[in-house]
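Here is a short briefing to read alongside the model.

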Amino acid sequence: MNLLILIIIFTAIGGLLSVMAAAVFLLLKDHHRNAVLPHGISFAIGALLAVAFWGLIPEAFEKVKPDHFQTLSATILAGILGFFVLEKLLIWRHCHHGSCEAHGDEHDGHGHSNMKSAGALIILGDSIHNFVDGVLIAAAFLTDVQLGIVTSLAVAAHEIPQEVGDFAILLDSGYSRSKALFYNVLASLTTVLGGILAYFSLEDLHDSLPYFLALAASSFIYIAVADLIPSLHTKTDMKTSLQQIVLIAAGVLLICSLQTIAHNIEFT
């Protein structure tokens, strides 16, 4: 089979599996989904931070020479500050005022104000991350077909819990179920785009790949720390707090475990 066709098929697998997982969440009844949503946010925090610190940032530093470490660190910092500015612009766009303390009441009265911009950022960050995944999968296929297949399956495995968490964030941000699913699919398609572009111009993309990874990491860090964690502080009872901690830890452990398994398979 043509190598490009293989790359397209296997870069699409991750998106398909993540959409299927999101669709399962979509099929839950409203009261069940509302009960699960807060837990999904906690899990997503752990998953996002684990992907950033355990996967993206180490991978980015592995791909640059030591004399570029400072530039790469500056890219992460610039990304975090840039996403802060971007979120400000999104808030102003929805609010139409320079200051908007009552912003939450303007949307839907359900506390989605602080999360609305998080939804837009999660789509952007996930698109960048998926694009880079597509580049990595294509690079593996161009090295060896078997390695490409294993890499694509490993990518899909660690994408599923993250995409389910992302879907929870989009719903909690006030997106309808159909729009959340649509944007999840749209973000997933960037994996295929990354794979196709890498197939035709891998040499050109190779030098900029660490900086794509750094920007994806900065977006996930910013979303988790600036948007999602504050939303957990609205409930302070001991039982809820312990549940949040356990689910954050579960998100971290699952992503780290999958990354470790994928790494071991790749070098076996």
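## Overview

Of the 268 residues in the protein chain, 46% count as buried. Please keep in mind that this is a predicted model. The chain holds nine helices and zero strands, and along the sequence the pattern reads α-α-α-α-α-α-α-α-α.

**Fold and surface**

- Among contacts in the protein chain with a separation of 6 or more, 83% are between residues 24 or more positions apart.
- The protein chain has an accessible surface of about 13,300 Å², and carbon and sulfur atoms account for 68% of that surface.

**The nonpolar core**

- In soluble globular proteins, nonpolar side chains tend to be buried together.
- Here the largest nonpolar core has 52 residues, and the members touching the most others are Leu-48, Leu-56, Ile-122, Ile-169 and Leu-228.
- Two or more residues of this core come from each of α1 (3-26), α2 (30-62), α3 (69-95), α5 (113-143), α6 (145-172), α7, α8 (209-232) and α9 (238-266).
- Helix α2 gives the most to this core, with 13 residues.
- What does Leu-48 contact, once its neighbours within four places in sequence are left aside? The list is Ile-122, Asp-166, Ile-169, Phe-220, Ile-223, Ala-224 and Leu-228.

**Aromatic pairs**

- A pair of aromatic rings is described by the distance of the centres and the angle of the planes.
- How many aromatic pairs are there? The count comes to six.
- One of them joins Phe-61 and Phe-69 in an edge-to-face arrangement, with 5.1 Å centre to centre and 75° between the planes.
- Phe-61 counts as partly exposed because its relative accessibility is 22%, and Phe-69 is also classed as partly exposed, at 33%.
- Phe-182 and Tyr-183 form another edge-to-face pair, with 5.4 Å centre to centre and 65° between the planes.
- Relative accessibility is 48% for Phe-182, so this residue is partly exposed; Tyr-183, with a relative accessible area of 28%, is partly exposed too.
- Ring pairs also bring Tyr-175 together with Phe-182 and Tyr-183 in a cluster.

- Val-185 belongs to helix α7, which spans residues 177-206.
- Is Val-185 buried or partly exposed? Its relative accessibility is 31%, so Val-185 counts as partly exposed.

**The salt bridge**

- Side chains of opposite charge can pair when their charged atoms come close.
- The structure holds one salt bridge, formed by Glu-59 and Lys-63, whose closest N and O atoms are 3.3 Å apart.

**Leu-215 in helix α8**

- Leu-215 sits in helix α8 and, with a relative accessibility of 33%, counts as partly exposed.
- Leu-215 and Thr-75 are 140 residues apart in sequence, yet their C-alpha atoms are 6.8 Å apart in space.
- Which residues does Leu-215 touch, not counting those up to four places away in sequence? They are Thr-75, Gly-79 and Phe-83.

**Leu-142 in helix α5**

- Leu-142 is part of helix α5, and its relative accessibility of 37% is why it counts as partly exposed.
- From Leu-142 to Leu-4 there are 138 residues in sequence and 9.4 Å in space, C-alpha to C-alpha.
- Setting aside residues up to four places away in sequence, Leu-142 touches Leu-3, Ala-198, Tyr-199 and Leu-202.

How values were computed: Residues are numbered from 1 along each chain as its sequence is written. This is a predicted model: local features need pLDDT of at least 70, side-chain atom pairs count only at pLDDT 80 or more; totals for chains, interfaces and linings use all residues. Side-chain values use heavy atoms; hydrogens and water are left out. Helices (H or I, at least four residues) and strands (E, at least two) are DSSP runs, numbered from the N terminus. Buried means under 20% relative accessible area, exposed over 50%, partly exposed in between (1.4 Å probe, protein chains only). Rings of Phe, Tyr and Trp (its six-membered ring) pair if their centres lie within 6.5 Å; planes under 30 degrees apart count as stacked, over 60 as edge-to-face and the rest as tilted. Contact means heavy atoms within 4.5 Å. Accessible areas come from the Shrake-Rupley method with a 1.4 Å probe; for residues, only the protein chains shown count as cover. A nonpolar core is a set of buried Ala, Val, Leu, Ile, Met, Phe, Trp, Tyr and Cys residues joined through side-chain atoms within 4.5 Å. A salt bridge is a side-chain nitrogen of Lys or Arg within 4 Å of a carboxyl oxygen of Asp or Glu.
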